[in-house]
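Let's take a walk through this fold, starting with its strands and working out to its helices and cores. Keep the viewer open as you read.

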Amino acid sequence: MVLQARIRAALLVGVLCTVVGCGGSGAPSGDAASAAVEPTLYVIKFPHVVATGTPKGQMAQRFKELAEERFPGRVRVEVYPSGQLMEDTESIEALAFGEVQMIATSVSLYDRLTQKFQVFDLPFLFSDLAAVERFQSSPEGSALLTTLTDRGILGLAFWHNGMKQFSGPRPLIEPNDARGLKFRVMESDIIQAEIEAIGGSPQKMAFGEVFQALQTGTVDAQENTWSNIYSAKFYEVQPYMTESNHGYIGYYVAVNDAFWKSLPDDLRAGLEATLAEVTEWGNARSETINQEDKQRIIDSGRSQVTVLTPEQQAVWQDALRPVWDEFSDRIGRDLVDAALAAAQ
């Protein structure tokens, strides 16, 4: 794969960036004596694809503000929201190659590098964010943070967005209602299989392209969190929403491993403590943000929202069971069992 080749090349030739702007020393100009005492300014480029008001957008901005406040003149965090710099799939490669230093991309996008992260996409595994958090804080879940260090990617935290809901041109009350619809999905094999299991046609597409695709009919339906549906205005071109809570969208907050290890010990420890503080703050707010955005969608009158009953959810679970059968061995039965135990 091209991605893997670039990662190997980056690790072999040692071009992963360590200081300002992915090149140069970062020391301010001036005479030699001044340069010797001035601290190095480390620049952390942090691209993401969602709006600033979403859970991830708010956490990224708060990390920037706190990091720069606590380490003035030593670190600058450049946050690029809404796909301004690159799409999520590009950012994973860019991180491994050292072109950016920090990302928070969906866990679903890492199945090209490891199938372990597919555990988060098993439909109806987690009933709510509390169940997700129990797994992520378990020994098995926390071990996932360091599973990609051989690729030059170091995980530092998991950030929540929320639980996934369906939207489409007609009410999606039972699985047969999805038959024949073209669904936008992320670059994830397990999500593709999920849509195929309910008779839909999955169309892998970058987040930034979805609104126009829904508007023009290139795709008919999609799955996402309330905060993403609202901030990206999908509700303006999707007349029906179904609160299914059938899956989870969360983010793997990762840094370029070589860059992070190159930081002075005190700066690295301080940034990690700041990130932990932001993670706790943001994850506690994510459910509130999603529920507020759900209400904004209802209040707009643009979409009709249906909440599935437990009995209706059970029908969906039965329809999606083949996805579990297909992917559990690939993910690893021990990891799936650990997630199940945490989800209870």
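Two strands count as paired if DSSP finds at least two bridges between them. Helices (H or I, at least four residues) and strands (E, at least two) are DSSP runs, numbered from the N terminus. Before going further, note that this is a predicted model, where local features need pLDDT of at least 70, side-chain atom pairs count only at pLDDT 80 or more, and totals for chains, interfaces and linings use all residues. Residues are numbered from 1 along each chain as its sequence is written, and side-chain values use heavy atoms, with hydrogens and water left out.

Start with strand S5, residues 165-168, which pairs with strand S9, residues 240-243, in the antiparallel sense over three bridges. Across that pairing, Phe166 has Thr242 of S9 as its bridge partner, and Ser167 has Met241. Which way do the S5 residues point? Gln165 and Ser167 go one way, Phe166 and Gly168 the other, and all are buried (under 20% relative accessible area with a 1.4 Å probe, protein chains only; exposed is over 50%, partly exposed in between).

Now zoom out. S5 belongs to an open sheet of six strands with mixed pairing, in the order S7-S6-S8-S5-S9-S11. Strands S7 (201-204) and S11 (304-307) sit at the edges with a single partner strand each, so one side of each is left without a neighbour in the sheet. From one strand to the next, the twist averages 25°; axes here are lines fitted to C-alpha atoms, for helices over the stretch in contact, and angles run from 0 to 180 degrees between N-to-C directions.

Helices lie across this sheet. Helix H7 (residues 189-197) covers S5, S6, S7 and S8, running at about 155° to S7. Helix H11 (residues 265-300) lies across S9 and S11, at about 130° to S11.

Next, the cores. A nonpolar core is a set of buried Ala, Val, Leu, Ile, Met, Phe, Trp, Tyr and Cys residues joined through side-chain atoms within 4.5 Å. The largest has 57 residues, and those with the most contacts inside it include Phe117, Phe183, Tyr252 and Ile153. Elements supplying at least two residues each include H4, S4, S6, H7, S10 and H12. Look at Ile153: leaving aside neighbours within four places in sequence, its contacts (heavy atoms within 4.5 Å) include Ile92, Leu113, Tyr252 and Val255. A second, separate core of 42 residues includes Ile44, Val75, Ala104 and Trp226.

A couple of loop residues deserve a look too. Ser82 has a positive phi of about 55° although it is not a glycine. Ser82 lies in the loop between strand S2 (75-80) and H4, and is partly exposed at 44% relative accessible area. Asn245 is another non-glycine with a positive phi, near 50°. Asn245 is in the loop between S9 and S10, partly exposed at 22%.

Finally, the whole chain. Its secondary structure comes to 13 helices and 11 strands, and buried residues make up 52% of its 344 residues. Of the contacts with a separation of 6 or more, 74% are between residues 24 or more positions apart.
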